[in-house]
Amino acid sequence: MDVILGLTTKDAVIVATSMAAVRGVSILKSDDDKTRVVAPHTLVAYTGEPGDTVQFAEYVQANIQLHGMRNETELSPPAITSFVRSELAKSLRSRKPYQVNILIAGYDTATEKPYLYWVDYLASSAQLPYAAHGYAAYYTLSLLDRWHKKDLSLDEGMKIMEMCVAELRTRLPIDFKGIQVKIIDRDGVRMV
């Protein structure tokens with residue numbers, strides 16, 4: 001029942017997540033943040049089984065921060081994605097694999113390029129210009145496919161994200177308790 005959306009612009013990544021924590025037909029929490037800032041310029045948005053998502057996101061966040069402290073360097077979004085994919089692949093071969101789907105959004109300050117990665121619970125990974133997990137994928141991928149272009153400005157990207165949220169509110173009979181939008185660019189991660 002979660003909504004996780006991401007799209008790249010020419011100099012940023014926009015990530016939108018639903019704020020409702022839902023279990024079955026019950027809303028457990030109305031201000032849930034389904035994201036973690038794992039590095040100054042990288043954000044992880046997650047969906048899946050509630051215990052697995054929080055535990056895995058905290059594990060990734062702690063290990064990325066530990067690597068940064070030990071090596072006095074910030075990992076790039078592709079390196080973070082490689083680590084996340086590797087950890088999910090190890091988990092998949094254990095007795096209790098994580099049931100987590102992830103979007104990794106980041107801005108690489110070395111190459112001055114935005115990145116968006118789609119990672120699923122089977123440790124599949126792909127770099128994409130736009131991506132979605134949860135119910136959002138059923139209704140928004142066609143909009144993103146139609147309106148996304150390579151040299152999209154941040155304002156145009158926000159308009160596309162607004163179209164996606166409006167489509168979800170129209171088509172889904174679920175109260176998301178709001179949508180949280182974050183932007184990742186050369187200045188870091190900020191909420192809009």
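Modeller: Let's start with a turn: a hairpin joins S11 to S12 through two residues. One caution first: this is a predicted model, where local features need pLDDT of at least 70 and side-chain atom pairs count only at pLDDT 80 or more, while totals for chains, interfaces and linings use all residues. Residues are numbered from 1 along each chain as its sequence is written, and side-chain values use heavy atoms, with hydrogens and water left out.

Biologist: What makes S11 and S12 a pair?

Modeller: Two strands pair if DSSP finds at least two bridges between them. Four bridges join S11 to strand S12 (residues 188–191), so by that rule they pair. The two run antiparallel, and Ile183 has Arg190 in S12 as its bridge partner.

Biologist: And which strand do six bridges join to S11?

Modeller: That's strand S2 (residues 13–18), again antiparallel. There, Ile14 stands opposite Ile183.

Biologist: Why is S11 called largely enclosed?

Modeller: Buried means under 20% relative accessible area, exposed over 50%, and partly exposed in between, using a 1.4 Å probe and protein chains only. Seven of the seven residues of S11 (residues 179–185) are buried, so the rest of the structure largely encloses this strand. Ile179, Val181, Ile183 and Asp185 point one way, Gln180, Lys182 and Ile184 the other, and all are buried.

Biologist: How do you know whether Ala132 is buried or exposed?

Modeller: Its relative accessible area is 7%, and the cut-off for buried is under 20%, so buried is the label. Ala132 lies in strand S10 (residues 130–134). As for what Ala132 touches, with contact meaning heavy atoms within 4.5 Å, the list is Ile4, Leu5, Trp118, Ala137, Thr140 and Leu141, not counting residues up to four places away in sequence. The C-alpha atoms of Ala132 and Ile179 are separated by 14 Å, with the two residues 47 apart along the chain.

Biologist: What makes S6 a strand, and why is it called largely enclosed?

Modeller: Helices (H or I, at least four residues) and strands (E, at least two) are DSSP runs, numbered from the N terminus. S6 covers residues 42–48, and six of its seven residues are buried, so S6 is largely enclosed by the rest of the structure.

Biologist: Which strands does S6 pair with?

Modeller: S6 pairs antiparallel with strand S5 (residues 35–39) over four bridges, and a hairpin of two residues joins S5 to S6. Arg36 stands opposite Val44, and Thr35 opposite Ala45. With strand S7 (residues 100–108), S6 pairs antiparallel over seven bridges, and Ala45 faces Leu103 there.

Biologist: What order do the five strands of the open sheet have, and what makes a strand an edge strand?

Modeller: The order is S5-S6-S7-S8-S9, with antiparallel pairing. The edge strands are S5 and S9 (125–127), each pairing on one side only. The twist averages 20° from one strand to the next.

Biologist: How do the helices run?

Modeller: Axes are lines fitted to C-alpha atoms, for helices over the stretch in contact, and angles go from 0 to 180 degrees between N-to-C directions. Helix H1 (residues 50–71) lies across S5, S6 and S7 at about 15° to S5. Helix H2 (residues 77–92) lies across S5, S6, S7, S8 and S9, at about 160° to S7.
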